[in-house]
Amino acid sequence: MAGKGETKGKILDAAEQLFAEHGFKETSLRTITSKAGVNLASVNYHFGDKKSLVRAVLARYLEQFMPLLEQELKLLLVKDDISMEEVFACTKRPLLGLDTFRRHGASTFMQLIGRGYTDVQGHLRWFITTRYDSVLTLFTQAVIKANPSLKPEHVFWRLHFTLGAVIFTMASNVALSEIAENDFGNNVTTEDILDRLIPYLAAGVDAPASQELSLVPRDIPRSAG
């Protein structure tokens, strides 16, 4: 009979794979227990409910990723002048570490983060922003230090555009590597992809703010009379 730790691990592994492939909403607890070979009572015992299981799956990666990111950001922020490339480069070692932590870890992690947005998992975003608030604050401070001309609204939009690009690229990094090898004869690693991605992201955040369109509809007058 499997021990408590082994049963919990089976549930987490099964949930991780199913959540990444099918999303949080489309994956039922019964599907997870069937794949894990355990009963529903085991999920309730170890996690309580589905929301707690979702958070536990992400926490395995976040507990590996966030401490390393915090270290990198603290080292960067002591410098007088920093660039956006340096800010985004802080994520490189933590992301590569996920591939050491679990096979295709960086890809799986980004798939799960992406599911959190597309499935509108508000509780998951709350969990991340609450539990890792200090690290996220350091990242925002680094962005502002690298580009102090950006207004808070610019930072909001550009970091969300950045997140979208990162999620798509890193969640697809295995497929992208295969395409690059088949089409161009290049053997591309996760690190190679990050080295290509970071300058692209930095250029987007560094773009002149004047290029952004006003959110005020043109056919509505700004003032009456």
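A: Arginine 125 lies over the face of tyrosine 117, at 5.3 Å from the ring centre. A charge is taken to sit over a ring if NZ of Lys or CZ of Arg is within 6 Å of the ring centre and within 35 degrees of the ring normal. Before we go on, a word on the model: it is predicted, so local features need pLDDT of at least 70 and side-chain atom pairs count only at pLDDT 80 or more, while totals for chains, interfaces and linings use all residues. Residues are numbered from 1 along each chain as its sequence is written, and side-chain values use heavy atoms, with hydrogens and water left out.

Now to the rings that meet other rings. Rings of Phe, Tyr and Trp (its six-membered ring) pair if their centres lie within 6.5 Å; planes under 30 degrees apart are stacked, those over 60 are edge-to-face, and the rest are tilted. That rule gives eight aromatic pairs. One of them joins phenylalanine 65 and phenylalanine 109, a tilted pair with 5.4 Å between centres and 40 degrees between planes. Phenylalanine 65 belongs to helix α4 (residues 50-77) and phenylalanine 109 to helix α7 (residues 105-118), so this pair ties together parts 44 residues apart in sequence. Helices here are DSSP runs (H or I, at least four residues), as are strands (E, at least two), numbered from the N terminus. Both phenylalanine 65 and phenylalanine 109 are buried; buried means under 20% relative accessible area, exposed means over 50%, and partly exposed is in between (1.4 Å probe, protein chains only). Ring pairs also join these two with Tyr61 and Phe101 in a cluster.

Side chains of opposite charge can pair when their charged atoms come close. With a salt bridge defined as a side-chain nitrogen of Lys or Arg within 4 Å of a carboxyl oxygen of Asp or Glu, the structure holds eleven of them. In one, arginine 60 meets aspartate 13 at 3.0 Å, N to O. This bridge links distant parts of the chain, arginine 60 being in helix α4 and aspartate 13 in helix α1 (residues 4-22), 47 residues apart. Arginine 60 is buried because its relative accessible area is 19%, whereas aspartate 13, at 34%, is partly exposed.

Arginine 102 lies in the loop between α6 (92-101) and α7 and glutamate 16 in α1, so parts 86 residues apart in sequence are tied together. Glutamate 16 has a relative accessible area of 7%, so it is buried, while arginine 102 is partly exposed at 24%. Put together, Asp13, Glu16, Arg60 and Arg102 are linked in a network of salt bridges.

Another bridge worth a look is that of glutamate 86 and lysine 79, whose closest N and O atoms are 2.5 Å apart. Glutamate 86 is partly exposed at 26% relative accessible area, and lysine 79 is partly exposed at 35%.

Let's return to the loop between α7 and α8 (122-131), where glutamine 121 is placed. Its relative accessible area of 11% is why glutamine 121 counts as buried. Leaving aside neighbours within four places in sequence, glutamine 121 is in contact (heavy atoms within 4.5 Å) with Phe24, Lys25, Arg115 and Gly116. Glutamine 121 and lysine 51 are 70 residues apart in sequence, yet their C-alpha atoms are 9.1 Å apart in space.

Finally, the whole. The protein has twelve helices and zero strands, and its C-alpha trace spans about 70 × 55 × 40 Å along the principal axes. Of its 225 residues, 41% are buried. Among contacts with a separation of 6 or more, 72% come from residues 24 or more positions apart.
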